[in-house]
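Biologist: I would like to learn how to read salt bridges in a model like this one. Could you take me through some cases?

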Amino acid sequence: MALIWVIEDKCTGCGLCVKKCPFGAIEIVEKVAVIDESKCTLCKACVETCRSEAIALSPEAEAMQEKPSVDLNAYRGVWIFAEQRNGRLSSVAYELLGVGRTLSDDLDVALTAVLFGSGMEEAAGALVARGADRVLWVDEPELRTFHDDSYAQVFEELIREEKPEIVLAGATAVGRSFIPKVAAKLETGLTADCTELAIDREKRLLVQTRPAFGGNIMATILCPNRRPQMATVRHKVMQEAEALEGRKGEIVRRKAKPESLLSRTSLIEFIEELEETINIVDADVIVSGGRGLGKPENFALIRELALVLEGAVGASRAAVDEGWIPYSHQVGQTGKTVSPKLYIACGISGAIQHLVGMRSSDVIVAINKDPEAPIFDVATFGIVGDLFEVVPALVRKLKG
Amino acid sequence: MNIVVCIKQVPGTAEVRIHSETHTLIRDGVESMVTVFTMGPPQAEAALREAVSYGVDEVVLVSDRALVGSDTLATAYAIAKGIAKIGAYDLILCGKQAIDGDTAQVGPEVAERLGIPFVAWVRKVEEVGDGKIRVQRMMDDGYEVIEMPLPALITVVKEINEPRLASLKGKLRAKKLEIPMWSAEDIGVEEDQVGLKGSPTQVMRIFSPEPRGAGERLEGEAEEVAQRLAERLKVMGFV
């Protein structure tokens with residue numbers, strides 16, 4: 001039996017649903033929409049877009065929609081996970097405080113920052129100064145180093161005990177690794193790599209928006225019936241909270257159960273591996289090179305420009321595949337997603353896989369010989385020209 | 001639709017040879033079995049046939065209308081159930097993320113459901129054997145060498161390997177092979193834990209991203225455009 005129906009008398013064959021369907025599941029056949037159920041995910045995008053109310057979920061499909069399984073009102077407060085590495089807070093923590101403050105004010109609840117590791121007095125103070133009403137600090141030396149097992153276990157226990165309604169973490173190497181484990185333990189919803197967060201005040205819900213399908217569509221996602229509502233947030237997209245002298249907040253120092261600190265993984269060693277000192281994920285400015293550079297030596301040009309702008313060096317997949325620069329510099333779908341304030345693409349044509357990884361940058365500069373290159377479609381400033389002339393000239397002008 | 005491929009493998013190391021009689025992969029003298037597992041619509045079979053042509057031993061497809069609309073939590077639950085049905089395993093490999101949903105959540109959630117240790121972003125397997133595995137995990141500023149006991153799950157990045165070419169023998173086998181298709185009932189999932197009903201997250205709206213405002217073209221001689229760009233960047237505070 002069909003789960004989604006087209007009411008043929010009402011369907012005008014306008015084709016709006018065909019365009020709207022993210023899964024390519026709808027066709028117009030003899031002026032009536034036909035839905036291929038093997039592709040349909042019942043996302044209801046077509047139901048909402050149809051002006052003639054010609055598409056409906058069957059009662060069976062409606063019954064399949066989830067019902068609340070917990071007392072939603074028992075959960076209160078907004079939490080952010082304040083990630084640290086070697087005792088230093090990641091700037092993503094300040095970005096989370098920025099967005100977290102807005103969300104908690106909208107809900108009229110407290111904002112809590114969760115901090116792991118010993119020797120974090122200063123970090124705890126910084127979190128208060130930047131807007132945390134409360135810092136929940138699990139002061140354990142074992143938690144100075146990231147391990148999926150201990151981080152997930154300790155975080156899960158805190159959440160079960162205190163019941164926040166919203167939990168946010170950075171969509172970083174660390175956050176995207178252990179937060180899904182926490183969500184699975186709690187059997188709640190988690191939305192990955194959000195670029196926009198808001199509150200639906202009426203329903204008291206977190207409205208989470210994220211790019212999907214290679215950035216070709218944006219999806220707004222809710223977690224209506226389970227708690228907490230969890231999301232990881234793309235680094236560098238949210239505004240950092242400003243520090244305010246004399247801001248008051250409570251710092252709660254906690255211990256964890258010894259068995260919760262155990263990890264099945266052991267860290268043998270860490271090897272820093274970067275050509276430059278700034279990594280692309282944390283950088284405010286990135287200068288990237290692509291196939292247009294022609295040979296590995298020409299990355300020197302990119303490095304020079306990056307140096308002048310105090311930025312990091314990125315690369316397209318083409319340049320990495322050629323072996324001109326290590327994979328850790330790759331921007332794009334199979335590399336890293338970055339969102340700096342300034343992104344300069346040199347000799348990069350802008351394949352969709354690259355665009356996905358950098359299109360949320362504030363300012364994009366493209367330098368490319370080919371005026372038709374897709375990179376120009378996303379560029380704030382586009383320069384059609386020879387990068388071997390333009391980049392050195394730019395370096396001189398910026399220095400001057 | 002997320003198409004997840006998990007590869008199951010018994011310990012071995014780098015050099016891969018095919019056993020002349022059994023046609024299984026031989027690694028370091030230890031015979032290993034590689035099973036490619038996927039969940040998706042019936043047409044996901046094509047992806048499995050491709051995997052067979054590369055030389056994997058077994059393939060499994062889990063496909064059922066009841067699973068449609070599953071979010072990452074429900075998907076991971078179903079995959080974990082499916083893998084449990086396959087039987088004994090030592091290592092589960094998943095890609096770091098699928099290129100449609102881009103969530104990177106299913107791998108860690110499967111590991112959690114199976115109760116096995118997990119490492120994300122693996123770029124190299126240094127050693128595997130004696131009931132443990134040593135891997136390199138990419139971090140934002142370098143990489144970590146991590147060891148953990150087997151069975152375990154790792155999600156791998158592009159750098160892990162170059163795909164091999166399909167062999168003629170593999171292609172022939174791929175063409176003929178009957179692909180086992182398991183239903184929700186076969187893998188024993190609870191009905192209310194999969195599909196829309198078992199999915200805490202719901203897609204409320206799908207829309208096209210706002211196009212970036214039409215950019216400005218700077219045209220002219222290199223010196224001149226560089227000058228103009230440098231001025232803009234200075235005004236914007238980048239210098």
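Modeller: Gladly! The general idea comes first: a salt bridge is a side-chain nitrogen of Lys or Arg within 4 Å of a carboxyl oxygen of Asp or Glu. Keep in mind that this is a predicted model. Here, B:Arg137 and B:Glu144 form such a pair, and their closest N and O atoms are 2.7 Å apart.

Biologist: Is B:Arg137 buried or exposed?

Modeller: Buried means under 20% relative accessible area. B:Arg137 has 2%, so it is buried, and B:Glu144, at 3%, is buried as well.

Biologist: How many salt bridges are there over all chains?

Modeller: A search of the whole structure gives 41. One of them joins A:Arg291 to A:Glu322, with 3.6 Å between the closest N and O atoms. That pair links distant parts of the chain, 31 residues apart: A:Arg291 lies in the loop between β18 and α8, and A:Glu322 in the loop between α9 and β20. With a relative accessible area of 54%, A:Arg291 is exposed, whereas A:Glu322, at 44%, is partly exposed.

Biologist: Which residue of chain A forms a salt bridge with B:Lys158?

Modeller: That partner is A:Asp321, and the closest N and O atoms are 2.6 Å apart. This pair crosses between chains, from the loop between β11 and α4 of chain B to helix α9 of chain A. B:Lys158 is partly exposed, at 24% relative accessibility.

Biologist: Which residues are linked in a network of salt bridges?

Modeller: A:Asp149, A:Glu156, A:Arg160, A:Lys181, A:Lys185, A:Arg264 and B:Glu112 are linked in this way.

Note on methods. Residues numbered from 1 in each chain as written. Chains lettered and ligands numbered in written order. Predicted model: local features only at pLDDT ≥ 70, side-chain atom pairs only at ≥ 80, totals over all residues. Heavy atoms only, no water. Helix = DSSP H or I, 4+ residues; strand = E, 2+ residues; numbered from the N terminus. Buried < 20%, exposed > 50% of the residue type's maximum accessible area, 1.4 Å probe, protein only.
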